[in-house]
Amino acid sequence: MVATTSPVAESFALAEGVRPQRRAQWLHSLTGNPVTLVAGVIISLITLAAIFAPLLSSHSPTFLDPGIRLQGPSDSFLFGTDDGGRDVFTRVIYGGRVSLLIGVGVTLASAVAGSLLGLLSGYYPRADSLIMRTMDGLMAFPSILLAIAIMASLGPSATNVFISLAVVYTPTVARLVRSTTLVTKQQPYVESARSIGMSDKAILLKYIFPNGISPLIVQCTFVVAYAIISEASLSFLGAGVNPETPTWGNMLRDGQRVLQRAWWLSMFPGIALVLTVLSLNLLGDGLRDALDPRARKR
Amino acid sequence: MTAYVMRRLILLVPVILVVGIVVFALIHLTPGDPAAVMLGDRATPEDLARLRNQLGLNDPLPVQFVHWFGGVLHLDFGDSLFIGEPVTRALLDRVQPTLLLTTYAMLFQIIIGVPAGVISAVRHNSIVDRIVTVVAISGAAIPTFFLGILLILIFAVRLHWLPSGGYTPINEDPVKHFKSMLLPSFTLGFSSAGLLARLVRSSMLDVMREDYVRTALAKGLPLRSVVTGHALRNALIPALTVIGTSLGALLGGAVVTETVFTIPGMGRLVVQSIARRDYPVIQGAVMAIAMTYVLVNLLVDILYVYIDPRVRLGAD
């Protein structure tokens, strides 16, 4: 690179000037990948079905009608009915609401908390060891076990699932943000910013955090997927969302009890769960390839 | 090497302390008086006072922690409130199924993951490579409990080949034991196998580009012996780390798998103890599983340094 202007000006240009161009590139690369595109469409459809659940089905997800219990899939009940006579299709699309809400909510919460802890820990060496040792300690638990343990204390409810999973996934984000912060901190434009007297807060928010945002976004798509699986696992174990609420995990738990007689009770919520998680993982892979061409897999 | 092991052991201290604090805090996260939560509505004031005394809940928090953590270091987790025996006993009674389930799952992970990854890399971009990649990616998306239910549906409900659940100890009837563990172990190991296959594939692809592999091929050695004799050894070193870290997923997944297949292990005990509000058991089991995970990972890291001299030189 030829230095035509002062080093300070050049490093600011480096930090700000190249961004619009790069954005166009990754959008192009993202939409050019058919697998990512299909995954994106599936996720959008599942989200729309969850949001507009009352429009898609005239049945109630909770109304009990013992007269029509355990009926197989048919024209009137697309996915059959469960042992309480409730329409499985309706429960699957309503169940998506809880899964997606918890998945996205947990991801937002752990992204905010993790970014904050990661930035502090990467930028201030003094805070580093306390924060990172705590994160190491939390990561020493198998994640689902930590979630189960916290749920055991808090009691089953959607809010508590959200809290426990946010605690479980914050350390992963914190580690990631810390590592990008450690690298960015050494860049000449950060040094320049410091030398012209910018405050730490401004440097962190304006230069360091935006630089680590691509890997963070990629990580977040995977966290949504993990959180959805974890929520379903917790509910399946009876330690998650209130057993009366239709969620995919709760439905699979109810379904296993009558597995011998009614496969559809387990099959449809399971397929919804797998499709959602699979699409999120593929979307994450696509985003990673688009945002970080070096990590592109062969 | 000794210096490295020592440094790792010192780093272990804060981790164990944080794990201890988190597990200790569990009992105090309960809404309201922990003793009242554990005993339920029918408890008399005398019962409550006795339990508070038994658990030391009247002491200041730091005193309670030191007392509890001191016990933990001696493998004393207190007494179960429901089973009426020391937690350590209850855990020891249930450790065999969990340990064997996790070990078999890990074997499945290696037996499936390594060959799949190697074939995928050697036949790079072939149909086999694509199939392995698709199966591995889908494997990561299937939650263990749903895969378990699917396998029960096919092999137990439809075909009647294998039991849908239950556990036979290995010393009682080895044949029945393996039959009862086949589905659970496969279920638990499957998604980790996919992860391992993807890693072995990419590290094999790297190694196959190395000069010494090209030299071996150039001097006329058959592909098979280059792959097994030269490439695989080096490609497996990074795989060791994945096997180590996936133990966490396996130990956590065991809790779910034991519930699906009604295996009387530590994980199922944890899940049952939630409904019984048997906090000493939950604390003990969670602590024991987390410690196992931490120690095995330490062993894997040390093994890694031992096997790969390049890492050792960097570490010393």
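Author: Start with a crossing. Helix 6 of chain B and helix 7 of chain B cross in a left-handed sense. Keep in mind that this is a predicted model. Helix 6 of chain B covers residues 95-122, and helix 7 of chain B covers residues 127-141. Their axes come within 8 Å. They cross at roughly 140°. An angle over 145 would count as roughly antiparallel. Helix 6 of chain B and helix 7 of chain B are therefore oblique to each other.

Now look at the residues that meet. Helix 6 of chain B brings Ala116(B), Ile119(B) and Ser120(B). Helix 7 of chain B answers with Val128(B), Asp129(B), Val132(B) and Thr133(B). By class, this contact holds four nonpolar residues, two polar ones and one charged.

A kink of about 50° is centred on Ala231(B) in helix 11 of chain B. Just after this helix, Thr262(B) has a positive phi of about 40°.

Last, see the partner chain. In all, 39 residues of chain B are in contact with 38 residues of chain A. On the chain A side, helix 7 of chain A gives the largest share, nine residues. That side of chain A has 23 nonpolar, 12 polar and three charged residues.

Terms used:
Residues are numbered from 1 along each chain as its sequence is written. Chains are lettered from A and ligands numbered from 1 in the order in which they are written. This is a predicted model: local features need pLDDT of at least 70, side-chain atom pairs count only at pLDDT 80 or more; totals for chains, interfaces and linings use all residues. Two residues are in contact if their C-beta atoms, placed from the backbone, lie within 7 Å. Helices (H or I, at least four residues) and strands (E, at least two) are DSSP runs, numbered from the N terminus. Ala, Val, Leu, Ile, Met, Phe, Trp, Tyr, Cys and Pro count as nonpolar, Asp, Glu, Lys and Arg as charged, and the others, Gly among them, as polar. Axes are lines fitted to C-alpha atoms, for helices over the stretch in contact, and angles run from 0 to 180 degrees between N-to-C directions. Angles under 35 degrees count as roughly parallel, over 145 as roughly antiparallel, 65 to 115 as roughly perpendicular and the rest as oblique. A crossing is left-handed if the near helix is turned anticlockwise from the far one by less than a right angle, and right-handed if clockwise. The bend at a residue is the angle between axes fitted to the seven residues ending there and the seven starting there.
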